[in-house]
Every structure is written in C-alpha cells, then in structure tokens.
Amino acid sequence: MDALVLVVLFVVATIAGYKVISNVPSLLHTPLMSGMNALSGVTVLGGLVATALALVDGLKLIGSISIVLATINTVGGFYVTHRILKMFKGRG
C-alpha cells in the first residue's frame, strides 16, 4: 500500500511540474533555473535521509541512485547557470 501511495504521489508531482514549467515564458527560465538548483540541493538532502532510514537493501540501492541523479542534476544546473550568466558579462 505504501508503494502505491508513493507511485501516485510521483505521478501527480510529475504532471503538476510539467504543467507549471510549460506555462513559464522563456525570459524567466534562467532565474527559475537558479532557484531550482537550490531545490535540487534539498532533493539530495532528502535522498540522503530516505536512504539512511531505508531498511531493505533494494530501497537503499534505489535511494543511492536517487542521490547520484539529484547530484548530477544540481551540478549540471549550476554549470549551465554559470555559462548563461557568463554570456551576459562584458568581454575584458
């Protein structure tokens, strides 16, 4: 039963996230990306806590994978934001 609730929560969050992001004008994507990088850091922290509290080895493996993916997302987001902000700086 708990797994079903988690799957339903994941599906609802995915649909809501898609609806929110698809309605954002392209001019606001860069500031929102910076904010989402901070939220991705919270996701890494949540993955760490969930993995630490997992009792089954399979769930620990899934938690570890989530930590790796969230970390890649966070680092990649900061890298892309850095490159975008670098485009706005003057040369020299």
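Mentor: One point before the annotations: UniProt positions follow the numbering used here, and an annotation may be inferred rather than shown by experiment. Also, this is a predicted model.
Trainee: Fine. Which residues does UniProt list for "transmembrane region"?
Mentor: The UniProt entry, which is unreviewed, lists residues 6-24, 36-55 and 61-81 under that heading.
Trainee: How much of residues 6-24 is helix in the model?
Mentor: That stretch is 89% helix with 0% strand, and its end C-alpha atoms lie 27 Å apart.
Trainee: And what about residues 61-81?
Mentor: Residues 61-81 are 100% helix and 0% strand, with 30 Å between the end C-alpha atoms.
Trainee: Switching to the surface. Which residues make the nonpolar patch?
Mentor: L61, I65, V68, L69 and I72 form it, and the patch covers about 490 Å².
Trainee: Take V68 from that set. Where is it found?
Mentor: V68 belongs to helix α3, residues 57-88.
Trainee: Now S40. Buried or exposed?
Mentor: S40 counts as buried, because its relative accessibility is 10%. The residue sits in helix α2, which spans residues 29-53.
Trainee: What does the S40 side chain make a polar contact with?
Mentor: With the side chain of N73, at 3.0 Å.
Trainee: Which residues does S40 touch, leaving out those up to four places away in sequence?
Mentor: N73 and T74.

How values were computed: Residues numbered from 1 in each chain as written. Predicted model: local features only at pLDDT ≥ 70, side-chain atom pairs only at ≥ 80, totals over all residues. Heavy atoms only, no water. Helix = DSSP H or I, 4+ residues; strand = E, 2+ residues; numbered from the N terminus. Patch = residues over 30% accessible without salt bridge, like charges linked within 9 Å, V, L, I, M, F, W, Y side chains within 5 Å. Areas by Shrake-Rupley, 256 points an atom, 1.4 Å probe, with all protein chains shown as cover. Salt bridge = Lys/Arg side-chain N within 4 Å of Asp/Glu carboxyl O. Buried < 20%, exposed > 50% of the residue type's maximum accessible area, 1.4 Å probe, protein only. Polar contact = N/O pair within 3.5 Å; in protein donor to acceptor, adjacent residues only side chain to side chain. Contact = heavy atoms within 4.5 Å.
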